[in-house]
Amino acid sequence: MAIFRWRDPFDEHFREFSRLQEEIDRLYERFFGKQPYTLKGRVFPAVNVYEDDANLYVSAELPGVEPQDLDITVEDERLTLRGARETMNETETLRYRRREREGGPFHRTFSLPARVDPEKAHAEAKDGVLMVTLPKAGVMEPKKVEIRVD
Amino acid sequence: MKDKGPETGMMEAKEGLIHEGPVLTPAVDILEDGEALLLIVNMPGVNSDKVDIQLLENELTVSGRVMWKEPEAAAIHTEYTSGNYLRKFILPKEVDQRKIEASMKNGLLRVRLPKAGSVEPRKITVRTG
């Protein structure tokens, strides 16, 4: 007859384990659901950056922002996204019952991890997602400095 | 209006809503004026023909399928995860379910839930004699 050790649910180690499980569940929920994923006070817009040999790609989630209300500048290896999100103003009759989305102007600047050619940069927006493609600048030839010996 | 979190982290296999990524709970604003309730739902990456709104009794389910594809390049900085969206709401009784309207633009879903016309209080005369 096989002997199994009975696991006392009130055993100290087991309790510790379930506490750890709860922590994991909480973390999981925070990343994958239950909680609204855009929490207040978050930097806006959230961006992802990608890189291949030829380009850097910056994508940003901008729900509700009209592409013409968006200002994108590339200068000195810095990318700036600026614009405004529409907000509904409360009036006598119009009231917020729940407010999770943030509104108002936004301004965000990033240092780019590579030199890019601003002239060739282009962007497209679709369904509230912006994608900026930044072609990398040609590799600079190392310049040899001659040392004059008298 | 009370909202109800998604039932599970994964969608059941359902036509048109199968995605490898996580199911996200979209941020929502709920506004009310004298005539209607207005839901504003952030769904970046969802096209208007990939939004699904279902009403079952007083439970309104809003879901969206993300069509946006990541570039085929190495991700070097990640602040958001893209995935499908799902959120459920329990509608108050005063909503006229036949008149619900929705529109989608720039990854923002708006659902207008008109309230049923207010019923005039009826005075009942008490006859005497």
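**A sheet and its surroundings**

Mentor: Start with one pair of residues. A:Leu70 faces A:Gly83, which belongs to strand 4 of chain A. Keep in mind that this is a predicted model. The pair sits between two strands: strand 3 of chain A and strand 4 (residues 78–85) of chain A are joined antiparallel, over 6 bridges.

Now widen the view to the sheet. It is open, has 3 strands, and its order in chain A is 3-4-6. The pairing is antiparallel. Look at the edges next. Strand 3 (70–75) and strand 6 (104–111) of chain A stand there. Each has a single partner strand, so one side of each has no neighbour in the sheet. From one strand to the next, the twist averages 10°.

Strand 1 (residues 47–51) of chain A is joined to strand 7 of chain B by 4 bridges. These two strands run antiparallel. In this pairing, A:Val49 is opposite B:His77 of strand 7 of chain B.

That pairing leads us to the whole contact. Chain A brings 35 residues to the contact, and chain B brings 37 residues. On the side of chain B that touches chain A, at least two residues come from each of strand 2 (23–24), strand 3, strand 4, strand 5 (46–56) and strand 7 (74–78) of chain B. By type, that side of chain B has 22 nonpolar, 11 polar and 4 charged residues.

Next, go inside. In soluble globular proteins, nonpolar side chains tend to be buried together. Here the largest nonpolar core has 21 residues. The members that touch the most others are B:Val28, B:Leu39, B:Ile40, B:Val41, B:Met43, B:Tyr85 and B:Leu109. Two or more core residues come from each of these elements of chain B: strand 3 (28–32), strand 4 (36–42), strand 6 (59–66), strand 8 (84–90) and strand 10 (108–114). Leaving out residues up to four places away in sequence, B:Leu39 touches B:Val28, B:Ile30 and B:Val111. Another core lies apart from the largest one. This other core has 16 residues, including A:Tyr57, A:Val58, A:Leu62 and A:Val132.

Finish with a contrast. A:Val149 lies in the segment after strand 8 (129–135) of chain A. Is A:Val149 buried or exposed? A:Val149 counts as exposed, because it has 4 C-beta neighbours inside 10 Å; the cut-off for exposed is 12 or fewer. Now compare A:Val149 with A:Pro118, 31 residues apart along the chain. Their C-alpha atoms are separated by 41 Å.

Methods:
Residues are numbered from 1 along each chain as its sequence is written. Chains are lettered from A and ligands numbered from 1 in the order in which they are written. This is a predicted model: local features need pLDDT of at least 70, side-chain atom pairs count only at pLDDT 80 or more; totals for chains, interfaces and linings use all residues. A nonpolar core is a set of buried Ala, Val, Leu, Ile, Met, Phe, Trp, Tyr and Cys residues joined through C-beta atoms within 7 Å. A residue is buried if 20 or more other C-beta atoms lie within 10 Å of its own, exposed if 12 or fewer, and partly exposed in between; C-beta atoms are placed from the backbone. Two residues are in contact if their C-beta atoms, placed from the backbone, lie within 7 Å. Ala, Val, Leu, Ile, Met, Phe, Trp, Tyr, Cys and Pro count as nonpolar, Asp, Glu, Lys and Arg as charged, and the others, Gly among them, as polar. Two strands pair if DSSP finds at least two bridges between them. Axes are lines fitted to C-alpha atoms, for helices over the stretch in contact, and angles run from 0 to 180 degrees between N-to-C directions.
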